[in-house]
Amino acid sequence: MTFETIFPREKRPLLIAGPCSAETEEQVLATARGLKAQGIDLFRAGIWKPRTRPGAFEGIGVPGLPWLRRVKEETGLRVTTEVANAQHVYECLKYGVDVLWIGARTTVNPFSVQEIADALAGTDIPVMVKNPVNPDYKLWVGALERLHKAGLRRIAAVHRGFSSYGDSIYRNVPRWQMAIDLMQEFPGLEVICDISHICGRRDILTETAQKAFDLNFDGLMVEVHPTPDQAWSDAAQQITAEQFGDMLRKLVLRPTTTDDPDFLVQIENYRGELDDLDEEIIHLIARRMMLVREIGAVKKAKNVAVLQPERFRALREALRRRGDKSELSPEFITLFLEAIHQESINQQERIMNPGAAEKRLPASFLWEND
Ligand code: PEP
Ligand code: MN
């Protein structure tokens, strides 16, 4: 798939900002005027709002569309809003909305995405596709494909993090690797970071925006409101236009590379060392697996179960302590060990029950097939 930028522009990053929801004409216009002064490229405001639970403010609907038109007339800014079905698309086209976006709760549903793609066929309107609420890479790519097949090329992706159960500093955990994978698979695709829905709170917006810049995102989407605490939706994560400007001024945009020969030589040397280390790591893991298979054979001879939870717990604790001393995070140690342990179990299973293990599906089956 090849993509075009959602609209022509010279500068990086693309700045998209505006309220979570369009509430009143005054609120929309006040936010747009404040943001125009901060130099944004695209004004956002939700007209139809997908809310997790009923009873919350579900968006102003069609009466809000003329407000967006006034923003265009008064400030010259392009405007964007979320669409979740064909009717939303037709209304937006009627009112001259410049860019549409598909929300996280819609990207999960191929029926809805297809309906939107069909409604857009034959137009040249730019569309931004948020990641699905669950970390399903194929579903995200699938939505891009549906739009692409409908003939659209001005398509961007928006990374807004993923739902999770349990404690996290984020409202939606970023799982940055998924956005990075998308950038690598589709080099011409603009990938924008929606820091507001990732963070869900104001105090970590700046550091998250900096992280997005450091990971070479093409732009930011940020929720901005004249009186954030009084917002009708997502109050905790919205900031004022002035705070948005202050944040921008703190961010450092570093180029992805430089021709400085000193830099290139240094990086080349480090990378060579890293390559050697990676090879060594694989070699060590392969050696570990050889031992694991030997243990498997002993267990089989003595008829002992493969999984020994006590041993795994003890190993994890010991390595977490080691990790602490080596500046490795406990989360990394856990993930790393679980991966090693899973592979060890699979290898021993193959020895204990030769035929059965081959028929078992690998964990990746769930996301590699649908
Ligand atoms: C929004 O941008 O206000 C919104 C509802 O986003 P998401 O689809 O990412 O939850
Ligand atoms: Mn919101």
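Author: Let us begin with one polar contact, meaning a pair of N or O atoms within 3.5 Å, where within protein one must be able to donate a hydrogen and the other to accept it, and residues adjacent in sequence count only if both atoms are side-chain atoms: an N or O atom in the side chain of arginine 160 lies 2.7 Å from an oxygen atom of ligand 1. The protein covers 97% of the 300 Å² of accessible area that ligand 1 has on its own, areas of this kind coming from the Shrake-Rupley method with a 1.4 Å probe, and for residues only the protein chains shown count as cover.

Before going on, please keep in mind that this is a predicted model, in which local features need pLDDT of at least 70 and side-chain atom pairs count only at pLDDT 80 or more, while totals for chains, interfaces and linings use all residues. Residues are numbered from 1 along each chain as its sequence is written, chains are lettered from A and ligands numbered from 1 in the order in which they are written, and side-chain values use heavy atoms, with hydrogens and water left out.

Two further side chains contact ligand 1 in this way: an N or O atom of arginine 105 is 2.8 Å from an oxygen atom of the ligand, and for histidine 197 the distance is 3.3 Å. The residues that surround ligand 1, each with a heavy atom within 4 Å of it, include Cys20, Arg44, Lys49, Glu82, Trp101 and Glu223. By class, this shell has 3 nonpolar, 2 polar and 7 charged residues, where Ala, Val, Leu, Ile, Met, Phe, Trp, Tyr, Cys and Pro count as nonpolar, Asp, Glu, Lys and Arg as charged, and the others, Gly among them, as polar.

Histidine 197 lies in helix α8 (residues 195–199) and glutamate 223 in strand β8 (residues 219–223), so the pair ties together parts that are 26 residues apart in sequence; helices (H or I, at least four residues) and strands (E, at least two) are DSSP runs, numbered from the N terminus.
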